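These are my notebook entries on one protein model.

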Amino acid sequence: MVTHLPPADWLKRRDLARLIEALGPGQARFVGGAVRDTLLGLEVKDVDLATPLEPQEVMRRLKEHEIPVVPTGIEHGTVTAAFKGGPVEITTLRHDVSTDGRRATVAFASEWQDDAARRDFTINALYADPESLEVFDYFGGLDDLAARRLRFIGDARQRIREDHLRILRYFRFQARFGSQPADKGAEESCSELAATLKGLSRERIGMEMMNLLGLANPAPTVARMEQLGVLPVVLPEADVTALERLVQHEQAERAAPDAIRRLAALLPPEPGLAEQVASRFRLSGAQKKRLALAAARGSEIDGAGNSARALAYRLGRDAALDRLLLAGSHTAVLEGWEIPVLPLKGGDIVARGVKAGPEVARVLRAVESRWIAEEFPDAERVGELLDLELTATA
């Protein structure tokens with residue numbers, strides 16, 4: 001049985017050592033994802049600390065040691081050490097006083113196990129001493145981690161009633177860490193309480209769904225969500241078979257997982273509907289545009305030679321890759337290819353005797369179309385194409 005954190009690069013951070021020193025001996029433990037992922041040998045992106053110190057005292061000690069600190073969630077006990085190497089959240093030990101499925105009222109606690117008891121899954125309730133690296137496990141999380149088993153802490157229905165988002169978190173963690181569902185009761189609870197997701201903010205649902213879709217292979221989990229009646233609550237438009245086909249094709253083409261593209265696969269090829277879903281999930285403007293472009297996919301894409309490159313020229317590389325992968329087409333033709341710039345300006349056309357105005361724009365578009373059809377020839381050929389266009393319209 002593992003009892004200590006193994007060596008990891010993030011544990012060597014000097015700013016973390018300063019932070020631990022500022023808080024004082026025995027006053028902090030690493031918690032959650034950093035501990036879990038280090039034990040799994042995965043890259044750690046975010047570091048969180050738990051402490052028995054109350055937020056104002058944490059801030060006082062950090063300021064005393066000239067560590068920049070921001071009261072990011074001080075009403076819930078969280079402040080953030082703003083390091084250049086990456087922010088570190090420090091949260092006071094807590095226990096829930098009341099919950100309504102969307103938010104919790106908390107009180108500060110003094111016992112580590114009380115703090116662990118309010119967390120969602122056993123594998124997320126692991127703590128580690130920053131000095132000795134000893135791991136503290138209050139609910140069997142180490143055994144579950146070794147078995148790639150996902151379990152709620154305590155009664156699944158009760159934990160979901162405390163925070164309805166835990167339904168989606170259950171499936172995200174199942175897709176990332178789980179093998180087979182270890183607790184039939186957990187799935188039954190998620191299914192039974194699926195309708196409670198309607199009470200959550202769209203932003204929270206969208207963020208959790210995008211995190212799920214960005215994993216290596218979310219297709220089996222998303223299909224299970226549909227079977228259990230969870231997916232229809234948050235994305236009733238979904239077609240899970242299309243997602244499975246896309247993931248398989250991405251893997252064949254060695255394309256990196258992409259949440260926007262996977263979301264497009266789940267949706268019908270209707271740009272208007274895609275924009276509605278993007279708004280519902282509170283996606284950014286850029287994400288909304290890309291999702292709509294992906295949803296405008298059609299059978300005209302064959303991925304061969306100029307078809308793919310023309311698509312990349314007109315829509316951009318990311319949108320072209322989305323369209324090609326969604327269509328089951330090859331993408332190798334775009335590897336290492338730089339999108340060219342048309343070597344022709346409006347002034348060049350005016351210099352050839354065309355009067356400035358709409359006719360210049362028309363000629364420019366016509367030459368560009370010829371240039372694309374000939375697979376982006378050089379400037380000399382563009383001059384010849386301009387001659388052909390001017391002759392044709394003379």
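I began with the rule for aromatic pairs: rings of Phe, Tyr and Trp (its six-membered ring) pair if their centres lie within 6.5 Å, and planes under 30 degrees apart count as stacked, over 60 as edge-to-face and the rest as tilted. I noted that the model is predicted, that local features need pLDDT of at least 70 and side-chain atom pairs pLDDT 80 or more, and that totals for chains, interfaces and linings use all residues. Residues are numbered from 1 along each chain as its sequence is written, and side-chain values use heavy atoms, without hydrogens and water.

**Entry 1: aromatic rings**

I asked which residues are linked by ring pairs into a cluster. The members are Phe121, Phe152, Tyr170, Phe171, Phe173 and Phe177. Under the pairing rule I recorded 13 aromatic pairs. One of them joins Phe121 and Tyr170, with 6.3 Å from centre to centre and 55 degrees between the planes, which is tilted. I placed Phe121 in the loop between helix H4 (112-117) and strand E8 (126-128) and Tyr170 in helix H7 (residues 166-177), so this pair ties together parts 49 residues apart in sequence.

I then checked burial, where buried means under 20% relative accessible area, exposed over 50% and partly exposed in between (1.4 Å probe, protein chains only). Phe121 is buried at 0%, and Tyr170 is buried with a relative accessibility of 0%.

Tyr127 and Tyr138 form an edge-to-face pair, with centres 5.9 Å apart and 75 degrees between the planes. Tyr127 belongs to strand E8 and Tyr138 to the loop between strand E9 (135-137) and helix H5 (141-146), so the pair connects parts 11 residues apart in sequence. Tyr127 is buried at 0% relative accessibility, whereas Tyr138 is partly exposed at 24%.

**Entry 2: the whole protein**

I recorded 20 helices and 9 strands for the protein. Its radius of gyration is 27 Å, well over the 21 Å from the globule rule for 394 residues, so the protein is more spread out than a compact globule. The radius is taken over C-alpha atoms, and the rule is 2.2 Å times the number of residues to the power 0.38. Along the principal axes, the C-alpha atoms fill a box of roughly 85 × 50 × 35 Å.

Of the 394 residues, 47% are buried. Among contacts (heavy atoms within 4.5 Å) with a separation of 6 or more, 62% involve residues 24 or more positions apart.

I found Leu200 in the loop between helix H8 (184-192) and helix H9 (202-213). Leu200 is buried, with 7% relative accessibility. Its C-alpha atom is 10 Å from that of Val234, which is 34 residues away along the chain.

I also asked which value phi takes at Arg148. Phi of Arg148 is positive, about 50 degrees, although the residue is not a glycine. Arg148 sits in the loop between H5 and helix H6 (156-162) and is partly exposed at 37% relative accessibility.

Glu375, likewise not a glycine, has a positive phi near 65 degrees. I located Glu375 in the loop between helix H19 (358-373) and helix H20 (379-392). With 51% relative accessibility, Glu375 counts as exposed.

Definitions and conventions. Helix = DSSP H or I, 4+ residues; strand = E, 2+ residues; numbered from the N terminus.
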